[in-house]
Amino acid sequence: MSVDAPENPFLDTLITRQRAEPCTVVIFGATGDLTHRKLIPALYNLAASSELPPQSKVIGFARRDKSDEDFRTELEAANRKHSRQGHDDALWGSFAQGIHYHRSEFTDTEGYRGLAKLLDDFDTQRGSPANRLFYLATAPEYFHVVLEQLAAVGLNIAPEGKWARVVCEKPFGKDLKSAQKLNTTVSQVFAERDTYRIDHYLGKETAQNLMVLRFANEIFEPLWNSRYIDNVQITCAENLGMEGGRGAYYDTAGALRDMVQNHLFQLLSLVAMEPPTDLSADSVRDEKVKVIRSLRPLATIEEVAQNVIRAQYTAGFVDGQSRVGYRKEDRVNPQSLTESYVALRLRIDTWRWQGVPFYMRVGKQLPRKATEISIHFKTPPQNLFRTLEVNEGGNVLVIRIQPDEGISLRMLSKQPGVLLRMQPVKMDFHYRTSFGKSSPEAYERLLLDAMAGDATLFARNDEVESAWRYIDAIEHAWHDDPKIAPPMHEYPAGSWGPRAADEMLGVDGRVWRRI
C-alpha cells in the first residue's frame, strides 16, 4: 500500500521555479576585475552545466580600445584561473563565440546608440528579438550615468514580448541620501520588478539553505524564538588587508558600510524573519525588510558607544606573515578614522526575538577567513549535571557560509567509561561530502535568477533604505563631532579583534564563539 507524501507548499514552490530565458547580457565596466574573476567564469560554468539558456550572448561595454578577439583572449586566461569546474577548450570555443566587445565612454550617448544598433543586429541574425540584461559592474559613481544614458537611447524599453532588466552591483549608495537618490534614478528608468540589486552573499548555497533549514524541518522552527535561543552570533572574518590597491576604496567606506549594511544585514534578515506566505520574491522580501525595520534604534551617542565597537588593526602576524597596521597600508590616509573592524550588539523588537541579543562582527587581518552564523540555545532550566565540569557547554547550531559550507550541531554527550563525564560532540554536515560535488558559485545562481525573473535573493528598494537608515545613525555618532565620538580601538593583526568587543559580550555574561 502506498502513502502519498504530505503536501508541502514550500517545496512545491522550489520545484516549480521559473526557468531562465535566453538573453543578451551587457556588462558595463567589462574590463574590470569583477568580470574576469566572477561574471564570465559564472556564465561559463552555467554553460558547462547546461543551465545557460541557448543563444545567450555577452557584450562587454568599457572604455579601453580592443577587439572582440582581444577581449575573448583576456577572458579565456581569466577563466582558466577562476572557473569552478576547470577549463575545457572545446566548451570555451563554443561559449566564446557569443562574447563581443563594444568600446565607449560611459558618458557618450553615441556609444549607447552604437550598442543599440549592435543589439538590433544580433536580433536580425537570430531572426527574433532577444531579452536584455544590463549589468552595472562599474564604479558606483557611474551608476547614474549609465542608467540615464540607457534611457536616453531607449534601451530600457524591451522589444515587444521580451524583457529588459538591470543588475546593480554593491555598494548601492554610501548612505541613506545617496541610496534614495539612486533608487529614484533607477525607478525612472526601470520598474522595480526589473531592478536587481545584487548581494553575492545571498547566492551562497548555505545562505539559501537557511529558509529550507528553518521552514522545511519541523525540529527547528518551534525552537526558533526567545524561549529557547539565548543569543545569535554572525561573524565575517577576513585574513587579508588592503592588498591590490583596495585601500583607496576601503578607506572611504569601512567595515560598517562595506559589509554590515548589505551582507551581514541580509544574513540577519534570513535568520530572524517570520515565515513568508509563499516563496514569491515579494513575500520573502516583505518579511526580510520587517526585520530591519524592527531593529531597536541607537538614538544617542551613548547608545552607539555601548552597542557598537569600532577598531583598526595594528602591525602583527597573520599565517606567519608580518602585516603592517591599517594606517600604514598603501593608499590609506595616515590619520584615517575608518574602521577595519566593527562589532555590534543588536536588538530586534518583535515577539519572537524579545530579549535575544544578536551579536555581529566583521574585520580585516583576523586569524582566518570564515563567515558563519551560530545559534546559541539556552541551557535546560533544571540542569541535573551542573556539578560536572564541561569546558564548552550548551547546544549551538552553526551555519557555515564560507569557506567550508555546511551545518553543525553541538551537543553534550557522556564520555565512554564507568565515570559520568560529559564532553561536547558535533553532528556535522558538509555540502561537498554529502552531495559529492562543489556548490555553485554565488554569481552563477544570481545571474540565473536574474535571467529567470526571480528577485527573491536580491534587495528591494525599501530594504536598502531601511538598512542605510540604521547604519547612518552609527556613522553620524562616529563622525559628526570627533570630540564626543565613541573611541577608535585597536587590535594586532592576527588577533580576533579588540578587547572592547569581548567586553561588550562579557557585560552580558557571554563570549564570542571560538572559530
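This is a predicted model: local features need pLDDT of at least 70, side-chain atom pairs count only at pLDDT 80 or more; totals for chains, interfaces and linings use all residues.

Student: Let's begin with a cysteine. Why is C23 called buried?

Tutor: Buried is the word for anything under 20% relative accessible area. C23 comes out at 1%, so it counts as buried. C236 gets the label too, because its relative accessible area is 2%.

Student: How do you know how many disulfides there are?

Tutor: You look for two cysteine sulfur atoms within 2.5 Å of each other. The structure holds 0 disulfides. Take C23: the nearest cysteine sulfur belongs to C168 and is 16 Å away, so C23 is in no disulfide.

Student: What makes E287 buried or exposed?

Tutor: Use the cut-off again. E287 has a relative accessible area of 11%, and buried means under 20%, so E287 is buried. You'll find E287 in helix α10, residues 281-293. Leaving aside neighbours within four places in sequence, E287 is in contact with M273, E274, P275 and P276.

Student: Which residues touch the most other members of the largest nonpolar core?

Tutor: Those are F28 and F265, in a core of 143 residues. Helix α9, residues 247-272, supplies the largest share of that core, with 12 residues.

Student: Why is F265 called buried?

Tutor: Its relative accessibility is 2%, and the limit is 20%, so F265 counts as buried. F265 sits in α9. If you skip residues up to four places away in sequence, F265 touches V260, I292, L295, L346, M360, A467, Y470 and I471. For another distance, the C-alpha atoms of F265 and K364 are separated by 18 Å, and the two residues lie 99 apart along the chain.

Student: What makes α8 and α9 roughly parallel?

Tutor: Helix α8 is residues 205-215, and it packs with α9 at an angle of about 10°, with the axes 9 Å apart. Angles under 35 degrees count as roughly parallel, so α8 is roughly parallel to α9. On the α8 side, A207, L210, M211 and R214 meet L267, L270, V271 and A272 in α9.

Student: Now the sheets. What makes β3 and β6 edge strands?

Tutor: Look at the order of the 6 strands in this open sheet: β3-β2-β1-β4-β5-β6, with parallel pairing. β3 (99-103) and β6 (195-197) each pair on one side only, and that is what being an edge strand comes down to. Neighbouring strands here are turned by 20° against each other on average, direction ignored.

Student: How do you know that β2 and β3 pair?

Tutor: Two strands pair if there are at least two bridges between them. Strand β2, residues 57-62, has 5 bridges with β3, so the pair qualifies, and the sense is parallel. One place to look is I59, which stands opposite H100 in β3. Helix α5, residues 109-126, packs on this sheet and touches β1 (23-28), β2, β3 and β4 (131-136). The direction of α5 makes about 165° with that of β2.

Student: What is the order of strands in the open sheet with 9 strands?

Tutor: Read it as β16-β15-β14-β13-β7-β12-β11-β8-β17, with mixed pairing. β16 (422-430) and β17 (488-492) are at the edges: each has a single partner strand, so one side of each has no neighbour in the sheet. From one strand to the next, the twist averages 20°.

Definitions and conventions
Residues are numbered from 1 along each chain as its sequence is written. Side-chain values use heavy atoms; hydrogens and water are left out. Buried means under 20% relative accessible area, exposed over 50%, partly exposed in between (1.4 Å probe, protein chains only). A nonpolar core is a set of buried Ala, Val, Leu, Ile, Met, Phe, Trp, Tyr and Cys residues joined through side-chain atoms within 4.5 Å. Helices (H or I, at least four residues) and strands (E, at least two) are DSSP runs, numbered from the N terminus. Contact means heavy atoms within 4.5 Å. Axes are lines fitted to C-alpha atoms, for helices over the stretch in contact, and angles run from 0 to 180 degrees between N-to-C directions. Angles under 35 degrees count as roughly parallel, over 145 as roughly antiparallel, 65 to 115 as roughly perpendicular and the rest as oblique.
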